[in-house]
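Thanks for asking me to look through this model with you. Here are a few friendly notes to read with the structure open beside you.

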Amino acid sequence: YALLDLAILGIAWFKAWRVLNVLGFLFTFGIGTLWGVNYYVPENFATTEPFLILFTVMYLVIPVLFAIRVEPPRLRGFVDSTLMFGTPIVAFGLQSQLVGDTKYGLAISAVALALAYVGMATFLYRTRRGELRVLVETQLALGIAFLTIAVPLALDDALWTSAAWALEGAALTWLAFRQQRRLALAAGVVLQVLAAASYIVKSPVAAEWPVLN
């Protein structure tokens, strides 16, 4: 499957073969999941994790190659949205089964995905190609989403989680006003509300000074 997916990756560099990309994704992760359910044991981690990382990286790159080499992304289409949003969801779900019992395993995985998406978004943004704007914004949003998930996974203390979400929400709100982005503004406000709720629920002094806090 790794060899087949490398071939699909090579084809994506030159040809807009969307059906092939999606079929490769479905068969790779579908059969991989079936194998994991039936045969995976913790002793196989060292030989399973590298392939999960490899498959994830390839299907993160394929939509980018498609957009750069062939045509602008059409994220409303079935194939583009499947690869763009399906890959991190499926990969993170499988990763949770591999490292779910490891301390900070999921948090590190979420940060790794966040860095990958932010890195790709930064690279594409620097190409200054206006037709890639939707792809850049989508990858940036996914990066922020995984960074948000990583905070409560890494921090057991709800107060630290609240502080991190509040800072992230403030940064998103500032960015939204700078770039005139309503969706980013909504996300920033939602994070602020979640931060406040987390603080009020867990803080020992919130009941006495809720407004001040």
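**Notes on pockets and helix packing**

1. Let's start with a pocket: helix 2 (18-39), helix 3 (45-69) and helix 4 (78-99) each supply at least two residues of the lining of the second largest pocket. Keep in mind as you read that this is a predicted model. Helix 2 gives the most to that lining, with 8 residues.

2. How much space lies in the second largest pocket? The volume comes to about 450 Å³. There are 18 lining residues, and the closest to the pocket's centre are Gly32, Thr33, Trp35, Gly36 and Thr48. By class, the lining of the second largest pocket has 11 nonpolar and 7 polar residues, with no charged ones.

3. Now for the largest pocket, which holds about 850 Å³ of space. Its lining counts 28 residues, and Val136, Glu137, Leu140, Gln179 and Arg181 are the closest to its centre. Here the classes are 17 nonpolar, 5 polar and 6 charged.

4. Which helices supply at least two residues each to the lining of the largest pocket? They are helix 5, helix 6, helix 7 (158-179) and helix 8 (182-202). Helix 6 gives the most, with 8 residues.

5. Next, a word about packing. Two packed helices are described by the angle between their axes and the distance between the axes. For helix 5 (residues 105-126) and helix 6 (residues 133-154), the axes come within 8 Å and cross at roughly 160°. An angle over 145 degrees counts as roughly antiparallel, so helix 5 is roughly antiparallel to helix 6. The crossing of helix 5 past helix 6 is left-handed.

6. Which residues make this contact? On the side of helix 5 they include Leu106, Ala110, Leu113, Tyr117 and Leu124. On the side of helix 6, among them are Leu135, Gln139, Gly143, Phe146 and Leu153. The contact of helix 5 with helix 6 has 21 nonpolar residues, 2 polar and no charged. Leu140 of helix 6 takes part in this contact, and Leu140 is also listed among the residues closest to the centre of the largest pocket.

7. Finally, look at the start of the chain. Helix 1 (residues 2-14) packs against helix 2 at an angle of about 160°, with the axes 10 Å apart. That angle makes helix 1 roughly antiparallel to helix 2, and helix 1 passes helix 2 in a left-handed crossing.

8. Who meets whom there? Asp5, Ile8, Ile11 and Ala12 of helix 1 meet Leu20, Asn21, Gly24 and Thr28 of helix 2. What classes does the contact of helix 1 with helix 2 have? It has 4 nonpolar, 3 polar and 1 charged residues.

Terms used. Residues are numbered from 1 along each chain as its sequence is written. This is a predicted model: local features need pLDDT of at least 70, side-chain atom pairs count only at pLDDT 80 or more; totals for chains, interfaces and linings use all residues. Side-chain values use heavy atoms; hydrogens and water are left out. Axes are lines fitted to C-alpha atoms, for helices over the stretch in contact, and angles run from 0 to 180 degrees between N-to-C directions. Helices (H or I, at least four residues) and strands (E, at least two) are DSSP runs, numbered from the N terminus. Angles under 35 degrees count as roughly parallel, over 145 as roughly antiparallel, 65 to 115 as roughly perpendicular and the rest as oblique. A crossing is left-handed if the near helix is turned anticlockwise from the far one by less than a right angle, and right-handed if clockwise. Contact means heavy atoms within 4.5 Å. Ala, Val, Leu, Ile, Met, Phe, Trp, Tyr, Cys and Pro count as nonpolar, Asp, Glu, Lys and Arg as charged, and the others, Gly among them, as polar. On a 1 Å grid over the protein atoms alone, a cavity is a set of points where a 1.4 Å probe fits but cannot get out, and a pocket is an open set with protein on both sides within 12 Å along at least five of seven lines; lining residues have an atom within 4 Å of a point. Grid points are joined across faces, edges and corners, and a volume is the space filled by probe spheres set on the points.
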